[in-house]
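The entries below follow the order in which I went through them.

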Amino acid sequence: MSKRSIFLSLVSCFLSLASIAQSTYWQQRVEYTMDITMDVEDHQFKGDQKLKYTNNSPDTLDRVYFHLYFNAFQKGSMMDARSRSIQDPDRRVSDRIMNLKEDEIGYQKINSLKQDGAELQYEVSGTILEVKLDKPILPGQTTLFDMQYDAQIPLQIRRSGRDNREGIDYSMTQWYPKMVEYDMEGWHPNPYIGREFHGVWGDFDVTIHIDNRYMIGATGYLQNAAEIGMGYAGPVSKNEDSKQVQESKINSWHFVAPMVHDFAWVADPDYTHTTIELDNGTVLHFLFQKDSNTTNWDKLPEYAKKTFEIMNKDFGLYPYKQYTVAQGGDGGMEYPMITLISGERSLRSLVGVTVHEANHSWYQHLLGTNEAQYAWMDEGFTTYASEYVMNQLFDKYTPHKGSYSSYFRLVESGLQEPLTTHADHFHTNRAYGVAAYSMGDIFLHQLSYVIGTETLMQGMRRYFNEWNQKHPTPNDFIRVMEKVSGMELGWYLEQWIETTNTIDYGIQMVQADEKQTNIRLERIGRMPMPLDIEVVLKNGKSKYYNIPLRIMRGEKKAEEGMKDYTVVEDWPWTYPQYELKIDVELDDIESIEIDPSERMADVDRSNNSYPVKAGIIFQSK
Ligand SMILES: [Zn+2]
């Protein structure tokens, strides 16, 4: 063997080791073919659902579960009980489920379920269908579930349903019997109580038969626009169709969605349809009821286009050729390739909600974390990206500030719970909201303080490239950040996510020492952090000192604007104090501040500066 071939075989050995490491990741696969017949008089539909399910796990599965989300909208459901007992109920739900009439409740009734042609036994347990398999699914095996069911669309209470408060007929989300995800953490048959979802990656082929007065928007690409003569082929004036209305014909809308983990749709007879195209060919669609309350929808497409351009450039390329913003639902809720938002809003609010939901295309619909378990990775990362985008869309925007103040108020209230809490298990909706949205946003913004903004953004793109169309976990995310920064960051994940520890650092004493100055810093809070210290000199210049944490085993490089930057001795966090000795005379110092960028979520900033900003000057010479 020549030296060269030894080298080559070593290289191929390393390559195969690398692919072994990657191949430990697996995910299940679904291929749905649905045929849906809508009865728009009784608000019911019949479903014929064929599901090819591939078990890519190393485990033999002796059971499967399906979500039956519509069953939540029945008196006495877990969602109903939870909403009537939690101390701060969502006003959209409160006691409304209890008061639904028989023809207003939601349900999914399974008429038959077969596996590879053989009838299966099953049990409906609230919003979960429990299915014991006669024939277990072996690792690597594909099986076919054939299901026939009837469903009634509930009066809209939360997210899905009919007749939303702005008059949209059908908001069809969490609407079909959906295979529960089985991943490395096992099955996730979460009852539908309040929030957050998880789904199996795969392809959807959905045909919806509906009265031809209706226009539909959906996840996926419409296959027969010409045949229908409306919809995504372009807007059609309703008057041209008035003859057909009297004949009450049925249109069959055929959609195909490749590699997504859910499917949603909307239908209304009064939708106006507009579009805007990105330079790369992706088409953004807008469906709304044009009236005096929705005039801002005329300006929305330009903002949405800019949003996708910024996200594509800075966070990773949106791979689908289409995205739809549809008026519907009860606020804003993200689905693959489509969002349903309430539409009667000020321009700023309309753009804000669109940016947030569109950014979920990255943080949930491409980076498919288990939202119920790690809500901070989808709501929080989405909030971070939205603040990033909004800051570029609007003048005088102060990004992330709102997240910090909500967090500080929650700490003060004593209601804080760790971010590892399951989305449905927080004691209060408030604690969930601040944990998922605000603390998730801070998690990233504060991480930019630890590793540097440029490194963070490099990490965000690498995270996207390595994990899109998969199910990343918190550890997968932090490993990417460790690789791009060269630092150990497990402590940061653990402290911020798994505990309710808070951060508080202070300047204890500033003392002249001949030509030098001694600055004594103290750690008051339980959560350790590296420190940026800015020393402003009387000549107007600034010196920056970075104190890494010893457990980081690395240090941040100078960030933009930090010209005079010195990394000093690291801080072993168990020491309550740290002595920073700098080569500057005290008389030359105008002020000293811990974390001048205010990215560190320090719960008491009153002790962060010298002289104390409140006006109390302490100094001992
Ligand atoms: Zn969100």
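**Entry: the open sheet.** I began with an open sheet of 5 strands, which run in the order S19-S20-S21-S23-S22 with mixed pairing. At its edges I found strand S19 (271-277) and strand S22 (332-335), each of which pairs on one side only. Neighbouring strands of this sheet are turned against each other by 15° on average, direction ignored. Helix H5 (residues 300-314) packs on the sheet, where it touches S19, strand S20 (283-289) and S21, and its direction makes about 145° with that of S20. Helix H6 (residues 347-359) also packs on the sheet, touching S21, S22 and S23, and its direction makes about 145° with that of S23.

Axes are lines fitted to C-alpha atoms, for helices over the stretch in contact, with angles from 0 to 180 degrees between N-to-C directions.

Within the sheet I then looked at one pair, S21 (residues 322-327) and S23 (residues 338-341), which pair in the parallel sense over 4 bridges. Gln327 stands opposite Ile341 in S23.

**Entry: ground rules and confidence.** The model is predicted, so local features need pLDDT of at least 70 and side-chain atom pairs count only at pLDDT 80 or more, while totals for chains, interfaces and linings use all residues. Residues are numbered from 1 along each chain as its sequence is written, and side-chain values use heavy atoms, with hydrogens and water left out.

The chain averages a pLDDT (the predictor's confidence in each residue, from 0 to 100) of 93, and 92% of the residues score at least 70. I marked residues 233-240, where pLDDT stays under 50 and the model has 8 contacts beyond four places in sequence, a contact being heavy atoms within 4.5 Å. I marked residues 614-621 as well, where pLDDT stays under 50 and the model has 18 contacts beyond four places in sequence. Where pLDDT is low, the predicted coordinates should not be read in detail.

**Entry: the zinc site.** Which residues coordinate the zinc ion? I found His356 (NE2), His360 (NE2) and Glu379 (OE), at 1.9 to 2.1 Å, and along the chain these donors follow the spacing H-x3-H-x18-E. Donors here are N, O and S atoms within 2.8 Å of the metal (3.2 Å for Na, K and Ca), and since water is not among the atoms, sites may look incomplete. Both His356 and His360 are buried, where buried means under 20% relative accessible area, exposed over 50%, and partly exposed in between (1.4 Å probe, protein chains only).

**Entry: the nonpolar core.** I took a nonpolar core to be a set of buried Ala, Val, Leu, Ile, Met, Phe, Trp, Tyr and Cys residues joined through side-chain atoms within 4.5 Å. The largest such core has 187 residues, of which Met38, Phe145, Trp175, Met179, Phe443 and Leu521 touch the most other members. Helix H9 (residues 429-451) contributes the largest share of this core, 13 residues. Leaving aside neighbours within four places in sequence, Leu521 has contacts that include Ile507, Leu531, Ile533, Trp571 and Ile594.

**Entry: Trp26.** Trp26 lies in the loop between helix H1 (3-23) and strand S1 (29-39), and is buried, with a relative accessible area of 13%. Trp26 and Asn56 are 30 residues apart in sequence but 6.2 Å apart in space, C-alpha to C-alpha. Beyond four places in sequence, Trp26 is in contact with Asn56, Ser57, Pro58, Tyr182, Asp183 and Met184.

Entry: Strand S4 (residues 107-115) and strand S5 (residues 118-119) pair in the antiparallel sense over 2 bridges. Their hairpin has 2 residues between the strands, and there Asp116 takes a positive phi near 45°. Glu514, in the loop between strand S24 (505-513) and strand S25 (516-523), has a positive phi of about 55° although it is not a glycine, and at 73% relative accessibility Glu514 counts as exposed. Last, I noted a cis peptide bond that joins Tyr610 and Pro611, with omega about -10°.

Terms used
Two strands pair if DSSP finds at least two bridges between them.
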